[in-house]
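Please look at the sequence and the model that follow.

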Amino acid sequence: MGLNFDFPRQPDWPWLKASYPGNILLHVDCPFMEVVRGVGGRMAYLATPYTKAVLNDDLQWDRGLSFDIEVRTARWSRAFAIEGVTVASPIVMSCAICHADVEGRLDPLDDAFWARWCQPMLSACGSVVIPAMDGWDVSRGVWREACWALLHNVPVYLVAEGSEFGGAV
């Protein structure tokens, strides 16, 4: 998943918001139900943090933390499903794959491998949805996915904090 070098390599949301004003392609602070209406009946890519959320105090991958992020992400997938929106959640799928990898053949933290694995889903989706989960704003993966989408004229929705799971803002 390559980036145009006009985009900062590290997450810089204030820069991105200033570069895409007016909620035309980058939709900022959207209430959940507005996102539901905005995705327009097409599959949406659910971009959520992972790597930093699954590291223990020794900066090693922690299966328990991975299960936690899988469940928290699945709750977002569930919320969209209840509203009739199909989201592709690479985190839910990749967590299930990694948790089932009893042989240990996959590295849950292999950024290049997982970016390549996620790209077909990202390319197939009509929008990118970023829920207000802890760490979304510092996640390099979420950042890359949002930048890729904007570079390819795919709408990006930042779900407003406080509108989790359909609640009002």
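Two strands pair if DSSP finds at least two bridges between them. The strands themselves (E, at least two residues) and the helices (H or I, at least four residues) are DSSP runs, numbered from the N terminus. The model is predicted: local features need pLDDT of at least 70, side-chain atom pairs count only at pLDDT 80 or more, and totals for chains, interfaces and linings use all residues. Residues are numbered from 1 along each chain as its sequence is written, and side-chain values use heavy atoms, with hydrogens and water left out.

Five strands form an open sheet with parallel pairing, in the order S1-S5-S4-S2-S3. Strand S1 (26-30) and S3 stand at the edges; each has a single partner strand, so one side of each is left without a neighbour in the sheet. Within the sheet, strand S2 (residues 44-46) and strand S4 (residues 127-130) run parallel and are joined by three bridges. Ala44 stands opposite Ser127 in S4. S1 and S5 also run parallel, and three bridges join them. Here Leu26 has Val156 of S5 as its bridge partner.

Buried means under 20% relative accessible area, exposed means over 50%, and partly exposed lies in between (1.4 Å probe, protein chains only).

The helices come next. Helix H3 (residues 63-82) lies across S2, S3, S4 and strand S5 (156-159), and runs at about 155 degrees to S2. Such angles run from 0 to 180 degrees between N-to-C directions, and axes are lines fitted to C-alpha atoms, for helices over the stretch in contact. H3 also packs against helix H4 (residues 90-100), at an angle of about 145 degrees and with the axes 9 Å apart. The crossing of H3 and H4 is left-handed. A crossing is left-handed if the near helix is turned anticlockwise from the far one by less than a right angle, and right-handed if clockwise.

Which residues make the contact between H3 and H4? On the H3 side they are Arg63, Ser66, Phe67, Ile69, Glu70, Thr73, Ala74 and Ser77, and on the H4 side Ile91, Val92, Cys95, Ala96, Cys98 and His99. Contact means heavy atoms within 4.5 Å. By class, the residues of this contact divide into eight nonpolar, four polar and two charged. In this scheme Ala, Val, Leu, Ile, Met, Phe, Trp, Tyr, Cys and Pro count as nonpolar, Asp, Glu, Lys and Arg as charged, and the others, Gly among them, as polar.

Arg63 is partly exposed, with a relative accessible area of 36%. Leaving aside neighbours within four places in sequence, Arg63 is in contact with Cys98 and His99. Arg63 and Cys98 are 35 residues apart in sequence, and their C-alpha atoms are 9.0 Å apart in space. The side chain of Arg63 also reaches the backbone oxygen of His99 at 3.3 Å. Ser77, in contrast, is buried because its relative accessible area is 18%. Apart from residues up to four places away in sequence, Ser77 touches Leu46, Val87, Ser89 and Val92.

The loop between H3 and strand S3 (87-88) holds Val85, which counts as buried at 9% relative accessibility. Val85 touches Val36, Val39 and Phe80, not counting residues up to four places away in sequence. Arg42 is 43 residues from Val85 along the chain, and their C-alpha atoms are separated by 7.7 Å.

A second pair of helices is formed by H5 (residues 111-124) and H6 (residues 140-151), whose axes come within 12 Å and cross at roughly 40 degrees. H5 passes H6 in a right-handed crossing. Asp111, Ala115, Gln119, Leu122 and Ser123 of H5 meet Arg144, Glu145 and Trp148 of H6. This contact has three nonpolar, two polar and three charged residues.

Most residues other than glycine have a negative phi. Asn23, in the loop between helix H1 (13-19) and S1, has a positive phi of about 50 degrees although it is not a glycine. Asn153, in the loop between H6 and S5, has a positive phi of about 55 degrees and is not a glycine either. Asn23 is partly exposed, at 38% relative accessible area, whereas Asn153 is exposed, at 60%.

Methods. A polar contact is a pair of N or O atoms within 3.5 Å; within protein, one must be able to donate a hydrogen and the other to accept it, and residues adjacent in sequence count only if both atoms are side-chain atoms.
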